[in-house]
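Open the structure in your viewer and keep the selection tool at hand. This tour goes from one selection to the next.

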Amino acid sequence: MVAPVPAPGPAGSRESDGVEPLLRVEDLSVTFRSGAGPVTAVRGISYDVRPGEVLGIVGESGSGKSVSSLAVMGLLPGTATITGSATFQGRQLLGLGDKQISRIRGSRLAMVFQDPLSALTPVYTVGDQIAETIRVHQGLRRDAARERAIELLDLVGIPNPRQRSKSFPHEFSGGMRQRVMIAMAIANDPALIIADEPTTALDVTIQAQILEVLQTAREVTGAAIIMITHDLGVIAGFADRMMVMYAGRVVESGVVETVYQQPRMPYTMGLLGSIPRLDAGERQALTPIEGVPPSMVSLPVGCPFAPRCPMRIDSCEQTEPALLGVVSDDAGHLAACHRSEEIARDGLTNTDVFVATTVPEAPPAARLPREQRPVVLEVRDLVKEYPLTTGGLLRRKAGSLQAVAGVSFDIREGETLGLVGESGCGKTTTIMEILELAKPTSGTIAVLGKDTAAMSGKERFAIRRDLQVVFQDPMASLDPRLPVSDILAEPMITHGVPAAERDRRIRDLLRLVGLRPEHADRYPAKFSGGQRQRIGIARALALEPKVLVLDEPVSALDVSIQAGVINLLDRLKAELGLSYLFVAHDLSVVRHIADRVAVMYLGRIVEIGTADQVFENPTHPYTQALLSAIPLPDPVKERSRRRILLTGDLPSAANPPSGCRFRTRCSTFAHQLDDDRRRRCLDESPELTGAETTGEDHEVACHYPAPAAVI
Amino acid sequence: MTVVTDTVTDTDVVSRSVSRNRLVLRRFLSQRLAVAGVVVVLLLIALAYLGPIFYPWKYDQLDFQAFQSPPSPAHWFGTYQTGGDVFARTLRGLQKSLVIGLLGALFSTALAAAAGAFAGYFRGATDTVVRVVTDLMLVLPGFLIIAIFSSALRDGSWLLFIVLLAGFQWMITARVVRGLTQSLREREFVQAARFMGVPGWKIILRHILPNMASLLIIDATVGVSSIILAEVGLSFFGFGVQPPDVSLGTLIADGAGAALTNWWQFDFVAGVLVLLVLAVNLVGDGLRDALDPNSEIEGAK
Ligand SMILES: Nc1ncnc2c1ncn2[C@@H]1O[C@H](COP(=O)(O)OP(=O)(O)O)[C@@H](O)[C@H]1O
Ligand code: SF4
Ligand code: SF4
Ligand SMILES: [Mg+2]
């Protein structure tokens, strides 16, 4: 028999082991004064953090994750009204004066932010900044503090710490800066570190490094960590317990494994079902959560998730469910849902609750064998050089930088090629070169069989009909001053579609992307991010193109919204027989959507093949490292994985390593090769070849390839 | 279609906020001085064009019974030495100055927008040419050149004069427009238009200039008063509007000598000029604050 019992207290099950919590937050609420009325960003949340544990907080942007921890840290602006209590090591934090809280903050309570550049002072060297916090809180002498700072920089993995401690924050890369932030956070041996999206702005490979550093920091200091993130993969691998936040409330909390395996609240279930997974095949059905999170100004009376919840019943709209224990699961698993006992009793999973969209059948054309389908986009030995200049006023050319250094691939009809790689590897330059339809520095680009270098202006204009683009940022890609109808009409006007047909087509397009025809006379500002991305897709489809270039089309969207757009792209491809060039750094999304994958590193393609080959049999050491850096949203799998950590950052394209461009970070090179064999990597740049791979269509640029399964 | 359409529920995320234009209007109306400025400008325009209909004296009419007479019920602002009516001429001058100010500002802003946007968008040779021309225009002594030109064109039309005035006003704004264009050019909606094959000039008209409308509106408003003042300056030295036509500038030049003895021949015209320029500037300031989302205006919510 399953019955809800009132939770004994905060979402930390204090009876479980009797350990005194390090931080106890009780009934914390935060209200901001704002133009549109008071905004209650956090609405009565309670939780405990025990010494040495990692508490993960997940939720979409605006759910109150940051505000709730900033409130604890005393970092909110004066417009915020905070109620409730937050006891840290027996001491009430709320209501402390500025001076008192700063004494605690930075010593026993430390914070790591998403953007370390804004948290570091630009005019002091990082060594001095770390030494300064040590001196303030520990009263060490100047040179002792400086020595300690260097030790800390070494601990967080900054190479040449003594020398680098004299550098200024802007001289570090994003990942290195985040290491400095962590060094600063652990400088005074804190008992609790709050990390607010510490890896969100970073590449997966760097994210893996930073998580490793945080883990080290935790082992060295024994500190507890509150890890705030929207990435369910990060939580799965890193946290002991987790809380899911929605609309300023905790809606589910418990031990990580339990929450992932038996989510008892529809929002959590939807969230887990909406993320594409690296370990699932291409046919994984995603369950998007419809709608968007509610506005915090006018929250509905009942359950805040009710407007989007497929399990909604009448009482959901009348009373907001409290966060109660789910008795059938282990102690401390709490969910805020009127129906969580039912979910637990019937063992419902996300596919029972949400409508799963099956990946639609491929169009007839795409079912032909690859060789029989026509090539729609062909890139051969593409090189793009940027001049490097020196001097301010009189610019002089001082050499050149190859952002793309000989890239070849082709896309056939009805096919999706995923182009992946770290930021800065040349993905965007490649697609911009294609979209310009101009003659590249060297190499050729052919769209639908026509070479761009040999095109007349007229042909180029005509071919633009067939080659369209969807951008990453749905905020920036629509002209804010035009109504949606004008935005969608623009390509058709440009290419001479008659007015009468345009209006009909606009309505069709809106319907096609899941919006309503009435939306045509609204302005972009009236739409949410996901809806804007749909408008961007509709515009790209207006001229019935054959090839769509998608530049990170979902990476600016919240997880629950992403799934809807991915499903849309899947469906459009099947219905309209489109071919996609899909650029992304999120390999899970690529796994879901791409037929073939090309992995780029420093301006070159290092591995290319079908998605199955590349993901299941990655052969290039870089592909292996990239794949192993991606956290799986599955605590059991994630914790048992072996991780290949890449060392350091992407080298500068202005000065690439000799021979194999990857050798400075290659673990094969570093650990498995003797000096003789290394010679070859040092001297000779490997060509893409299919000689040593399993499949025929699978090519790798490495002298010593060795397939390995890393997922 | 068998696939489930993942329709998005209608979310009025921002529908609480009124449309931008209404918001700007509301923010503008909440500033008392700016509203007063608008009222004064409108009254002056009305006065300039409706006044002559009801006033018994025309600007080119002479009253041989009242030379040099101080303000009286017959001649509200008094008369000149020749018996010309000061009020009638002031209205006439106001008309001309308004036309010069409005047209000149419009022209100079348009020029600035075109030059800056083309330079910023097309870069390369276009940019170099525009930059050289702007720099050259900035170092040339505008006043002197207009003076020389206008005496050469003594009986040329006053339209040409406006072109000259505007021709020395646009450079700074053009530089600002160029900078803004360069950053807008990299925005994704501009790129999207480019990749769909929309020609450059159309992109400038449809996407770039509308997105700096607030800058241009403010520039034009502020330009009105500076063109009016420039005209006054030139006319004062006899280079601007030529007799028998009058403008506030020529009237001030005529009245200046008598400012101490026959005050009404100077003070009224000067007063109207100050009122006009002040009012226009108040409108400009008000617009700037209303269009700038960061300015703190009471009642903007
Ligand atoms: N300084 C502030 N003034 C007014 N509202 C704020 C402020 N900071 C955050 N908010 C609002 O509080 C809500 C929660 O924000 P936040 O905690 O940052 O979300 P998350 O970290 O989960 O993305 C949002 O609706 C946000 O707009
Ligand atoms: S309380 Fe109702 S609306 Fe809210 S999550 Fe549970 S079932 Fe859905
Ligand atoms: S060629 Fe050598 S350095 Fe390059 S990836 Fe292969 S093993 Fe590593
Ligand atoms: Mg946040």
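Ala, Val, Leu, Ile, Met, Phe, Trp, Tyr, Cys and Pro count as nonpolar here, Asp, Glu, Lys and Arg as charged, and the others, including Gly, as polar. Keep in mind that this is a predicted model.

**Stop 1: ligand 1**

Select ligand 1 and show its surroundings. The shell is made up of F32(A), A41(A), E60(A), S61(A), G62(A), S63(A), G64(A), K65(A), S66(A), V67(A), P77(A) and M296(A). Colour these residues by class. Five are nonpolar, five are polar and two are charged.

Which helix gives the most to this shell? Helix α1 of chain A, residues 65–73, does, with three residues.

Now turn to the backbone around ligand 1. Select G62(A): one of its backbone N or O atoms lies 2.7 Å from an oxygen atom of ligand 1. Go on to K65(A), where a polar backbone atom is 2.9 Å from an oxygen atom of the ligand. Then pick E60(A), which has a backbone N or O atom 3.5 Å from an oxygen atom of ligand 1. Switch to a surface view. Ligand 1 exposes 570 Å² when taken alone, and the protein buries 66% of that.

**Stop 2: ligand 2**

Move to ligand 2. Around it, select M265(A), P266(A), C303(A), F305(A), A306(A), C309(A), M311(A), C316(A), P321(A), C337(A), H338(A) and R339(A). Use the class colours again: this shell has ten nonpolar residues, one polar and one charged.

**Stop 3: a sheet in chain A**

Switch to the cartoon view. Look for an open sheet of four strands in chain A, ordered β2-β1-β4-β5 with antiparallel pairing. Which strands stand at the edges? They are β2 (39–49) and β5 (91–92) of chain A; each has a single partner strand, so one side of each is left without a neighbour in the sheet.

Zoom in on strand β4 of chain A, residues 80–88. Two bridges join β4 to β5(A), and the two strands run antiparallel. Select F88(A) to see one pairing: its bridge partner in β5(A) is R91(A). In general, strands of a sheet pair through backbone hydrogen bonds.

**Stop 4: cysteines**

Last, select C660(A) and C681(A). Are they buried or exposed? The cut-off for buried is under 20% relative accessible area. C660(A) has 12% relative accessibility, so it counts as buried. C681(A) has 8%, so it counts as buried too.

How many disulfides does the structure hold? Zero, over all chains.

Technical notes. Residues numbered from 1 in each chain as written. Chains lettered and ligands numbered in written order. Predicted model: local features only at pLDDT ≥ 70, side-chain atom pairs only at ≥ 80, totals over all residues. Heavy atoms only, no water. Disulfide = S-S within 2.5 Å. Buried < 20%, exposed > 50% of the residue type's maximum accessible area, 1.4 Å probe, protein only. Near = heavy atom within 4 Å. Polar contact = N/O pair within 3.5 Å; in protein donor to acceptor, adjacent residues only side chain to side chain. Areas by Shrake-Rupley, 256 points an atom, 1.4 Å probe, with all protein chains shown as cover. Pairing = 2+ DSSP bridges.
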